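Student: Could we look at this protein together and talk through its pockets and side-chain contacts?
Tutor: Gladly, let's begin.

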Amino acid sequence: MSHKNKVSMVKQIETILMDKLAIGESKHTAKQNGEQTEHIYSFSTLKSYMKNCNAFGSFCKEQYGAKNIMDCRQYVDSFLQSKIRCVW
């Protein structure tokens, strides 16, 4: 079985976030036009999202053996609960 076609979870996350990247576009203008903005307008936001999404991906992989980011949706609550326990 070949592993050539398998994409790492980090790469999956990067692809999803890069598709939402809209550097140079105005978030303010989009809001004024009443558009539902699902874009990322700055590199610092992208960096922050990458960090947190990769932490979530790692959590899913370690705790549940997930290999695909789409399989991780069901573990969002569990991940957030683990983060709340760390703060308290």
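Student: Which element gives the most to the lining of the largest pocket?
Tutor: Keep in mind that this is a predicted model. The largest pocket has a volume of about 390 Å³, and its lining includes Ile-13, Ile-16 and Leu-17. Two helices, α1 (9-19) and α3 (43-64), each supply at least two residues of that lining. With three residues, the top contributor is α1.

Student: How many residues in the lining of the largest pocket are charged?
Tutor: Lys and Arg count as charged, and the lining has Lys-20 and Arg-73 among its residues. The others divide into nine nonpolar and no polar, so by this classification the number of charged residues is two.

Student: And how many residues lining the second largest pocket are polar?
Tutor: That pocket holds about 290 Å³ of space. Its lining includes Ser-8, Gln-12, Asn-54 and Gly-57, and Gly counts as polar here. Alongside four nonpolar and three charged residues, the polar ones number five.

Student: Which side chains meet in a salt bridge?
Tutor: The count comes to one salt bridge, with 4.0 Å from N to O.

Key: Residues are numbered from 1 along each chain as its sequence is written. This is a predicted model: local features need pLDDT of at least 70, side-chain atom pairs count only at pLDDT 80 or more; totals for chains, interfaces and linings use all residues. Side-chain values use heavy atoms; hydrogens and water are left out. On a 1 Å grid over the protein atoms alone, a cavity is a set of points where a 1.4 Å probe fits but cannot get out, and a pocket is an open set with protein on both sides within 12 Å along at least five of seven lines; lining residues have an atom within 4 Å of a point. Grid points are joined across faces, edges and corners, and a volume is the space filled by probe spheres set on the points. Helices (H or I, at least four residues) and strands (E, at least two) are DSSP runs, numbered from the N terminus.
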